Amino acid sequence: MGDVFSVILTSAALLFYVAGTVGLIRFPDTHSRLHALTKADNLGLGLLILGLMAQADGWVTLGKLLLTWVLALIAAGAAAQLVARTALGDRR
Amino acid sequence: MTLAFDLVLCAMIVGAAICAAVAGTIFAAAVFFIVYGIFVSLAWLRLDAFDVALAEAAMGAGLTGILLLRALGRMPASEDRPGPALAPALAGAGLALALGWAFLALPESAGLGPVVRNAAPGAGAENPVTAVLLAFRAWDTLLETIVLLAALLGVWALSRDEAWGLPPGLPQRVRPDGVLAGFGRILPPIGAVVGVYLVWAGTSRPGGAFQGGTVLAAVALLVSMAGLAQAPRVTSGALRLVLVAGPLVFLGMAFIGAVLSLWQPGAAFLALPEAHAKSLILGIELMLTLSIAVTLAALVAGPPEDRA
Amino acid sequence: MTALLPLLILMTSAVPAVITFFLAEDSHRLRNTLNLAGAVLKLALIVFMLREVAAGTVYETRLNFAPGLYLLLRADALSLLFLTLSAFLWLLTTVYAIAYFEKEHDLSRFFGFFSLCVAATTGIALSGTLISFFIFYELLTLSTWPLVVHKQDDKSLAAGRSYLSYALPGSAVLLIAIIWLESATGPLEFAMPHPLGGLEEASLRAIFALFILGLGVKAALVPLHGWLPGAMAAPAPVSALLHAVAVVKAGAFGIVRVIYDVFGIGLVAQLGVGLPLAMLASVTIIWGSIRALQQTEVKKRLAFSTVSQVSYIILGAALAGPYAVIGGLVHLVHQGLMKITLFFCAGIYQERAGITRIEDLGGIGPRMPWTSVAFSLGAMGMIGLPPMAGFITKLYLGIGAIEAGAPWVVAVLAGSTLLNAAYFLPLLYRIWFLPGNEDLPVAPAPGLVVPAAVTAAAALGAGLFAGAAMSPLGWATLIVTREYMP
Amino acid sequence: MSLILPLLAAVPLLGAIAAVLAPRAGKGIGLGVAIVLLAALAVLVGGLNTPVVLPLGGWEPPLGIALRVDGLAAAFLGLAAVVMTGVLIAAPYRGAGREAAAFWPLALLLWGALNAIFLSRDLFNLYVGLELLTLAAVALAALSGSAGALAAAIRYMVFALMGSLLFLLGVALTYAAHGALDLAALPGRNPQPTDALAAGLMTAGLLVKTALFPFHAWLAPAHSGAPAPASAMLSALVPKASFYILLRLWFEALPDLGRPGFLWLMGALGTAAILYGGVMALRQARLKLVIAYSTVAQIGYLFLVFPLAGGGGAAQPWAAGAWTGVVFHALAHGLAKAAMFLCAGLWLAAAGNDRIEALRGAARATPMAVFAFALAAISLMGLPPSGGFTAKYLMVTSAFAAGAPYWALGPLLGGLLAAAYLYRPIAAAFAPVEPELRPVPRGQQAVPLALALGAIVLGLASAPPFDLLQIGRPEAAARGVE
Amino acid sequence: MNVTVLGLCGALLVGIGVFAFLWQRHLLRRVLAFNVIGSGIFLYLGAAGARGGAADPVPHALIITGIVVALSASALAVALVLAHLHASSATRLPEDEP
């Protein structure tokens, strides 16, 4: 049962990653690309981690997976802000 | 099934390496290098070498990547036409073919795996890699921390005389309430916990002084980049004491072993007494981690520079 | 005791050398006494040794460097001949140099290298193996270069450069010859003649040629003599001792050692290399004399005369008849005594009367009687007039040549005697018979004249009392009868 | 004896750490380390009659790493100790400025790396030691901070990085094939087809680090650009460490792998280095460049050990002579070259530039330094009574005894070339012009004189070092060269 | 079998790295190539060590030490490149200037 759940979620995550990458290639300027990357990929990552949670064999691994996602979210958000501000030309 | 994964992984690694080598601009090359580093650490996972995967991701991809990007920021965008390509291509291809043939011609595995595995518990660390690093080949590890110190001394010696005495690296100008400052406040505590955990876990599970040290170095770099704390001056005694604490403790312990060996047959240079080897190894590892973290942070920050 | 004497003799000139280097510039008295004491002590030791070696005792010192490379100092009859000559003349030249320099600068350096050079000459005389000979031969080159460039002017620096550019390649060739020979026969000691069967004749001839090439540089054989005239730019005591006695004789001494103690007369005759060497020596004799004729400066003429005179020794050694060898060996001493007298006098003329060119020698005789008498004695000796020592050499060489079946050598000797007369008599004529300008102030210098007079007397004595056992001729006969014609 | 090896290995590193903590006391710490190490070496050499092995941490190889001292190691440790002591005494760095705070720790780290290499028996440990040596050397080469020095240092770094990677590749292959890294364990393993490739890669890496002829481009600018005490250490000791590893590799770990073709190539490259270095030294106008190119030439001598004593020829009677001759040459060159660079440093400080013309009249201004330079020159030319002569004699004798006199060409021509390019500075020193050099205190001139005298004494008293080198020598042919 | 793939991949990386190291002239690119060669060698050694089933920890320790050494060498190299750039405003070795 858990496997089916994982397969569905990981394939959904894959879909989001593809969307993010297409966005990165197709969009004209930096800011819109940033949108595609941060939003789509992070969502994809979230789905991926949810899928993997089904496979987790204990609370500790579950905790680590969640921690990974949280950290990735914070990092992506901060980085996107900085890149955007630099792209705008004023100092961060 | 796993063969397919490996083939794809290897293709990705080689592709990233080629892009890093021949990318048009240096910035693209640096970015591809970081991607390449991540893929290589994946390859280490495939080889069940978790310690190495950690090290490769943290140092190979992470720190080296930051080094390249930081240096790129200070460089003019100069068009660079590489030299003649024939001789290098022949050399590279020849070497690759020779190594490939050698890999296939190697005899069946003659490694020291089993020997290490059953000697490791006696040496005070269940994780065989940490046992090798801190017990069997402790001399290598000691020299290695000295290499780090030598590199740092070299980097500091490259500063200009007027800038001597300032803290390492370029002074950062950060908007006090900006995103970086916020980011700089959130991440360090988590990073510190992860770093220390890595060191502590090193004795039994993958981890160790170098991997933990690298994480702590990243935390230190982030804090100084976010302008939250001013790095100590290059000539400050405290900074220098922390820099040499690890090798000093390690060398001191080793030397005490040598002196003890005069009348105690069991003791020897670099030997840890059997009874409390585990706690000694942990102690040494913590001190090493402290020194490694500060040294790596200072290495990446670079020589002290004045306002220019 | 017998093991220490050779080393002690070596030390009597090496130790003063090392100490003198560190003496302060103005401590003239201490420096002079140190060097003179060293010379006197050395002479005493040698006189003691002369009697012992004549009685047959053997002195040997062996210093081990590495297996196959050891230093052997061995006092045999031949080495004592050269040793006595160099010790006796070193004492006189030290006296001469002290008076010659008085208050000039860099004297500690000069006397340090001066004693070091004599130590090297002693080492050459005493060496018992080819390698020991080579080590001291090289040390001689290194210690003479600073003496040649002592005045540090451009002329002497150029002379030093040409000296090194001849000497260093020569020593490289000599090293090749030694090692090529010793690679087949193992370390060679002069005392125990080795059967050189290990190598075939062709390579033995090649080795002999390399030896002559290497030693010929210092022995100033014709194509290799270019550095000698230039080296006259050195101060008088340097050119007196070094180029009349130490350096040039080292080359000739080496050739004698190679012919008699390394190859052996039999092998030299069998290889047929004796005759070409004799021819080369003859060419040098004639060529040296002709070049001397063309010179206008006194010291240059004496230099070329040295080039030709040294080849008498090589000629004697190459002819291999008993008389010829005695003639050659005794000329080693005679030429030393006569030539040093001439150089002393030339130095006095230059220093006291400012005369360097032959023309302005006019009328100097009456004004500097002692120096001119000594000069004349030396010149007559060189020509070979009885009763001077030179006559004995030429006599023995002539007899030896006839005995060895090489009559053309007599013609060479006669020719060179005529040439000697041709380039010495005009000097004597100018000194005694031509009027010179009287008003030239001539400062008396006993410190310079006495050594010149002593050596002139010694040259005369060597001729007059040749018959005595302890005379150079007597000792040369002893060498030949004891070691080369058993 | 079990305390001497740890002392030799650990004390320089401890000194470096102390120098980092107390930059102002750098010189004091350096001299303290020198005294301790010289004493330790005196005891070691005094009591050494069989090789001493110390398994580190008590773990026997192949699991652990072992330190071992035999005649060869003791000789090189002695050379490092003497040269480093001279350099540390002569170094003029005071206070805690940029240069002083970097020079003392880096110099002691370099010393520690040298000792680690000379003692180690483990290939990967040699790699880490070599890397520490290179980093310290590059940092010292760039110490002066001038544009030229930095360019030379970065070129040195590029070559050194490639060299250490090749060596690492060889070590990786060796471990993969044999599962052992200890030099003593390797000969016991049955040979694998990959050994030739592994040895070739290791040798190529070490050749780059020893700056043998085709890979010498980095040596001259780096050694002449560095400050004088640093260039003395760089020229006298650093290339010797990688050559020492080559000796260990080819005469102990893989003795019979040396095929004639390879041995001949090494000899040919060595002879080419001698001639090339000599000719280049002749054409330089700056004294330090002349001395640096002389290093390129003198390194060529060392590689004559391969054709004369390498491979199957190791058991020949003359092999002992050639092998010892080459080690003698390494020792004599180390002492002489350190003395020369220290003299060059003195004159550079006194005259403001190091062109040979600036030396005119130096014989009067700095007589002891000129005498030291001349003594060192005598040893480099291989004239008796210097150590250089003993080495040249042993090498040329072995060449003739081996029936290959063409190998004698290198040392003999090298001696003449050395005479040619070293004559110019000495003749300039004797020039009659009044020296415009600022006076140099005699104390400073004493250090190069002592080092140069060491090179001469090595020739005069060459029997004890000869016997020392036979201890634990592979295939110790006891008889000398007959 | 998959260990062999990774081993050959390591060999290929060394080849690419050496090619880039000798071909590129920009010093930063050469430092990058140096790191590529280094990680290639380590991958090669790691794969060779893992051939016999149970992973052999000794190569892993060697590789960790190697990575640290490579990092310190790269750090010094990069600092040297920047100092060289600052001193003679060149990103290449003097002999490579066009």
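How many residues does helix α7 of chain D have, and how far does α7(D) reach from its first C-alpha to its last? Some notes on that and a few other spots; bear in mind that this is a predicted model.

1. Helix α7 of chain D runs over residues 195-210, which gives it 16 residues. From first C-alpha to last it reaches 22 Å, close to the 22 Å expected at 1.5 Å a residue.

2. Now for chain D against chain B. Here 49 residues of chain D are in contact with 49 residues of chain B. On the chain D side, α1 (4-21), α4 (98-119), α5 (123-141) and α6 (147-178) each supply at least two residues. The largest share comes from α5(D), with 10 residues. Sorted by class, that side of chain D has 34 nonpolar, 13 polar and two charged residues.

3. Chain B also meets chain E: 78 residues of chain B are in contact with 66 residues of chain E. Several helices of chain B each put at least two residues into its side of this contact, among them α1 (2-22), α2 (26-46), α3 (50-73), α4 (86-105) and α11 (277-301). The one that gives the most is α3(B), with 12 residues. By class, the chain B side divides into 53 nonpolar, 13 polar and 12 charged residues.

4. Within chain B, the domain assignment gives domain 1 (1-72) and domain 2 (126-308). The C-alpha centres of these two domains of chain B lie 24 Å apart. Where they touch, 10 residues of domain 1 are in contact with 11 residues of domain 2. The domain 1 side of that contact has eight nonpolar, one polar and one charged residues.

5. You'll find D76(C) in the loop between β2 (69-75) and α3 (77-101) of chain C. Is D76(C) buried or exposed? With 20 other C-beta atoms within 10 Å, D76(C) counts as buried, because the cut-off for buried is 20 or more. If you want a distance to go with it, D76(C) and T417(C) are 341 residues apart in sequence and 33 Å apart in space, C-alpha to C-alpha.

Terms used:
Residues numbered from 1 in each chain as written. Chains lettered and ligands numbered in written order. Predicted model: local features only at pLDDT ≥ 70, side-chain atom pairs only at ≥ 80, totals over all residues. Helix = DSSP H or I, 4+ residues; strand = E, 2+ residues; numbered from the N terminus. Expected span 1.5 Å × (residues − 1). Contact = placed C-beta atoms within 7 Å. Nonpolar A, V, L, I, M, F, W, Y, C, P; charged D, E, K, R; others polar. Buried ≥ 20, exposed ≤ 12 C-beta atoms within 10 Å, placed from the backbone. Domains from an automatic or database assignment.
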